[in-house]
Amino acid sequence: MNSIRSFIVLLIAVLSISEIMTACAGPNAAQCKQERTLDLNACKPVIYQKPPSAECCHRIRVSHAECFCPLMTPKLVKLLNVTKVIGIIEGCGRRVPRHFKCGSITR
């Protein structure tokens, strides 16, 4: 149970720190829920210290930050290695801008 919780925390962080995609209209609540489910399933190996798969990197690149940023709390951030999370995101080809704020995280 603890490893599942840790995985969810890490994946939410991985996907929420990324830059906000510019779109005319953001996803609605149902679309965000579906997106988070797809992302979690694609990136499960990350919790076991494995590098992200091609599918996980694809999900990181196309995911909407507005679906994940509201979930970031100071309590959640304390559980994360933000430097490692940023490394994973950038390793997948998604830029994380300086001073980007997502929830309670600022880079």
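**Close-up 1. The disulfide between Cys57 and Cys92.** In this predicted model, Cys57 and Cys92 are joined by a disulfide, with an S to S distance of 2.0 Å. Cys57 lies in helix 3 and Cys92 in the loop between helix 5 and strand 1 (101-102), so the pair ties together parts of the chain that are 35 residues apart in sequence. The torsion about the S-S bond of Cys57 and Cys92 is about -55 degrees, and the disulfide is therefore left-handed. Cys57 has a relative accessible area of 12% and is buried, because the cut-off for that class is under 20%. Cys92, at 3% relative accessibility, likewise counts as buried.

**Close-up 2. The disulfide between Cys32 and Cys67.** The structure holds three disulfides, and one of them joins Cys32 to Cys67 with an S to S distance of 2.0 Å. Because Cys32 lies in helix 2 (residues 29-42) and Cys67 in the loop between helix 3 and helix 4, the pair ties together parts that are 35 residues apart in sequence. A torsion of about -70 degrees about the S-S bond of Cys32 and Cys67 makes this disulfide left-handed. Both Cys32 and Cys67 are buried.

**Close-up 3. The disulfide between Cys43 and Cys56.** The sulfur atoms of Cys43 and Cys56 are 1.9 Å apart and form a disulfide. This pair links distant parts of the chain, with Cys43 in the loop between helix 2 and helix 3 and Cys56 in helix 3, 13 residues apart. About the S-S bond of Cys43 and Cys56 the torsion is about 105 degrees, so the disulfide is right-handed. Cys43 counts as buried at 0% relative accessibility, and Cys56 counts as buried at 1%.

**Close-up 4. The salt bridge between Asp39 and Arg59.** Side chains of opposite charge can pair when their charged atoms come close. The structure holds one salt bridge, in which the side chains of Asp39 and Arg59 meet at 2.6 Å, taken from N to O. The two residues link distant parts of the chain, since Asp39 is in helix 2 and Arg59 in helix 3, 20 residues apart. Asp39 is buried, and Arg59 is buried as well.

Close-up 5. Ser63 is found in the loop between helix 3 (54-62) and helix 4 (74-78).

**Close-up 6. Gly91 in helix 5.** Gly91 lies in helix 5, which covers residues 82-91. Its relative accessibility is 63%, and Gly91 therefore counts as exposed, the cut-off for that class being over 50%. The C-alpha atoms of Gly91 and Pro51 are separated by 9.5 Å, although these two residues stand 40 residues apart along the chain. Where Gly91 is exposed, Cys92 is buried, and Cys92 is the partner of Cys57 in the disulfide of the opening view.

How values were computed:
Residues numbered from 1 in each chain as written. Predicted model: local features only at pLDDT ≥ 70, side-chain atom pairs only at ≥ 80, totals over all residues. Heavy atoms only, no water. Helix = DSSP H or I, 4+ residues; strand = E, 2+ residues; numbered from the N terminus. Buried < 20%, exposed > 50% of the residue type's maximum accessible area, 1.4 Å probe, protein only. Disulfide = S-S within 2.5 Å. Salt bridge = Lys/Arg side-chain N within 4 Å of Asp/Glu carboxyl O.
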